[in-house]
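Me: I would like to learn how to read a structure like this one, feature by feature. Please give me the general idea each time, then the case at hand.

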Amino acid sequence: MGHVQTLEPASAPPLLRLDRVNKRFHLPDGTPFHAVRDVSLQVRAGDIFGLVGKSGAGKSTLLRTINLLERPDSGTVTVAGQDLTSLDKRALRSARQSIGMIFQQFNLLQNATVADNVAFPLRLHGGRTTAQIAARVRECLSIVDLTDKAGSHPAQLSGGQKQRVAIARALAPEPALLLCDEPTSALDAETTRSVLDTLSHINKTLGVTIVIVTHELSVVRRLCRHVAVIEQGAVAEQFAVAEEAGVLRRTVLGRELARLAASPEEARLLDRLEAAVA
Ligand SMILES: Nc1ncnc2c1ncn2[C@@H]1O[C@H](COP(=O)(O)OP(=O)(O)OP(=O)(O)O)[C@@H](O)[C@H]1O
């Protein structure tokens, strides 16, 4: 058995399921633009699932349909067995607590402390006492290793620290699913590694399922277990990547070396992914 597998049907129901999702925009001149085309995907609980593709392929739009930041024109989005597209506003607000999101530009509140940034979603949704909120904030800052920065403001932090605050904020309501939109694109290589290690840590220790949009092959190599290639708004191909010895990790040794060592199917996967993000 090689390291590249086709996606086998899941035995348990998937945590996330997209069925024939479509999204069109209207360009300024009124022309319709089909940004997400008939996308069906399943992501299992505990997975780290990458959406890769070229700029403008529709990755971010697709990611944003998952929490209905972009409401699909048609199709369904099911998270933990609940069809989000069928919910009214109030029920959707509540369902969204189980879906966290982080962004390329962090989107922190500049005038609030790190602790207040992390507390923000908890205060917004209500239902917790001040003491419970403070305890959860401490817990989340400890998970991302920023306990000592609780009283700092975002401007006093490095890019990697800002993204880890954003991760703590996304984790605060205890989501089952974390959506990541190019979370390391604004970071240098070393900081990227620390943010990816944090994401890997919360996946392993808390079981949080991750869907991550990226155009960086290094992110796929380091983090993802499944990958979908998005082209012109549609899923062109999906891959499963085997564990530690997987083909993507092996390419860290260098592309040519990996290609020589690779089986034909591994080489094909490398070609596809490199072409997809180039
Ligand atoms: N609100 C909008 N109105 C009109 N067109 C939009 C809107 N949002 C996105 N688009 C278009 O949809 C297409 C897909 O955009 P999207 O941001 O999803 O792509 P992407 O693959 O994430 O690209 P990138 O990596 O550059 O962010 C682009 O052509 C974009 O211009």
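Me: How many helices and strands does the protein chain have?
Reply: Helices (H or I, at least four residues) and strands (E, at least two) are DSSP runs, numbered from the N terminus. By that count the protein chain has 10 helices and 11 strands. This is a predicted model, in which local features need pLDDT of at least 70 and side-chain atom pairs count only at pLDDT 80 or more, while totals for chains, interfaces and linings use all residues. Residues are numbered from 1 along each chain as its sequence is written.

Me: What share of the residues of the protein chain counts as buried?
Reply: A residue is buried if 20 or more other C-beta atoms lie within 10 Å of its own, exposed if 12 or fewer, and partly exposed in between, with C-beta atoms placed from the backbone. Of the 278 residues in the protein chain, 39% are buried.

Me: Which strands make up the open sheet, and in what order?
Reply: Strands of a sheet pair through backbone hydrogen bonds, either parallel or antiparallel. Two strands count as paired if DSSP finds at least two bridges between them. Here four strands form an open sheet in the order β3-β2-β5-β6, with antiparallel pairing. Its edge strands are β3 and β6 (82-83), each of which pairs on one side only. Strand β2 (residues 16-26) is joined to β3 by eight bridges, and H26 stands opposite P32 in β3.

Me: Which residues in these strands have a positive phi without being glycine?
Reply: R20, in strand β2, has a phi near 50°. R20 is exposed, with 12 other C-beta atoms within 10 Å. D38, in strand β3, also has a positive phi, of about 50°. D38 is partly exposed, with 15 other C-beta atoms within 10 Å.

Me: What lies across the sheet strands, and at what angle to β3?
Reply: Axes are lines fitted to C-alpha atoms, for helices over the stretch in contact, and angles run from 0 to 180 degrees between N-to-C directions. Two residues are in contact if their C-beta atoms, placed from the backbone, lie within 7 Å. Helix α1 lies across β2, β3 and β5 (74-79), and runs at about 60° to β3.

Me: Which residues are around the ligand?
Reply: A residue is near a molecule if its C-beta atom, placed from the backbone, lies within 6 Å of it. The shell consists of F25, F33, A35, G53, S55, G56, A57, G58, K59, S60, T61 and H215. Two elements, β3 (32-43) and α1 (59-66), each give two or more residues to this shell. Helix α1 gives the most, with three.

Me: Which residues of helix α3 are buried?
Reply: An α-helix has 3.6 residues a turn, so residues three or four places apart point the same way. In α3 (residues 114-125), the buried residues are V114, A115, N117, V118, A119 and L122. Their cover includes α4 (130-143) and α5 (159-171). After α3 comes G126, with a positive phi near 70°.

Me: Which residues have the most contacts inside the largest nonpolar core?
Reply: A nonpolar core is a set of buried Ala, Val, Leu, Ile, Met, Phe, Trp, Tyr and Cys residues joined through C-beta atoms within 7 Å. The largest one has 67 residues, and V118, A168, L179, I210, V211, I212 and V227 have the most contacts inside it. Helix α5 supplies the largest share of this core, six residues. Not counting residues up to four places away in sequence, V211 touches L16, V43, F49, L51, L63, I66, L177 and L179.
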